[in-house]
Amino acid sequence: MRRGNGKQFLGNINTMEVHDLDNEQTLCQIDEIITAGHDRYFTPDTLSQAKSQGFDNGHWCIGGSER
Ligand SMILES: [Zn+2]
């Protein structure tokens, strides 16, 4: 069971990066994001939806940052 109510993608509203919880890396610091209350989720739960809301790829779990 993933964190974030089973969602795959978790956006960090502090850094405006989106993370793929199916490929979570230690450096993503997902626990810290959730503890800080910076986690946001997407409907539909897709990378393109995150992008449309202004989030950039997480460096460690997705890569290919566009900025
Ligand atoms: Zn990540």
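Two residues are in contact here if their C-beta atoms, placed from the backbone, lie within 7 Å. With that in hand, here are some close-ups of this predicted model.

**View 1. Phe-9 and its contacts.** Leaving aside neighbours within four places in sequence, Phe-9 is in contact with Val-18, His-19, Asp-20, Phe-42, Asp-45, Thr-46, Leu-47 and Ala-50. Look for Phe-9 and Gly-11 pointing one way from strand E1, while Leu-10 and Asn-12 point the other way. Every one of these four E1 residues is buried.

**View 2. Leu-47 in helix H2.** Leu-47 belongs to helix H2, which spans residues 47-52. Leu-47 is partly exposed because 15 other C-beta atoms lie within 10 Å, a count between the 12 or fewer of an exposed residue and the 20 or more of a buried one. Setting aside residues up to four places away in sequence, Leu-47 touches Phe-9 and Val-18. Leu-47 and Phe-9 are 38 residues apart in sequence, yet their C-alpha atoms are 6.9 Å apart in space.

**View 3. The largest nonpolar core.** This core has 10 residues: Phe-9, Leu-10, Val-18, Cys-28, Ile-30, Ile-33, Phe-42, Ala-50, Phe-55 and Cys-61. Strand E1 (9-12) and helix H1 (30-36) each supply at least two of the core's residues.

**View 4. Strand E1 and its partners.** E1 runs antiparallel to strand E2 (residues 17-20), and 4 bridges join them. The E1–E2 hairpin has 4 residues between the strands, and Met-16 takes a positive phi near 60° there. E1 also runs antiparallel to strand E3 (residues 39-40), joined by 2 bridges. Follow Asn-12 to find its bridge partners: Glu-17 in E2 and Asp-39 in E3.

Terms used: Residues numbered from 1 in each chain as written. Predicted model: local features only at pLDDT ≥ 70, side-chain atom pairs only at ≥ 80, totals over all residues. Core = buried A, V, L, I, M, F, W, Y, C linked by C-beta atoms within 7 Å. Pairing = 2+ DSSP bridges.
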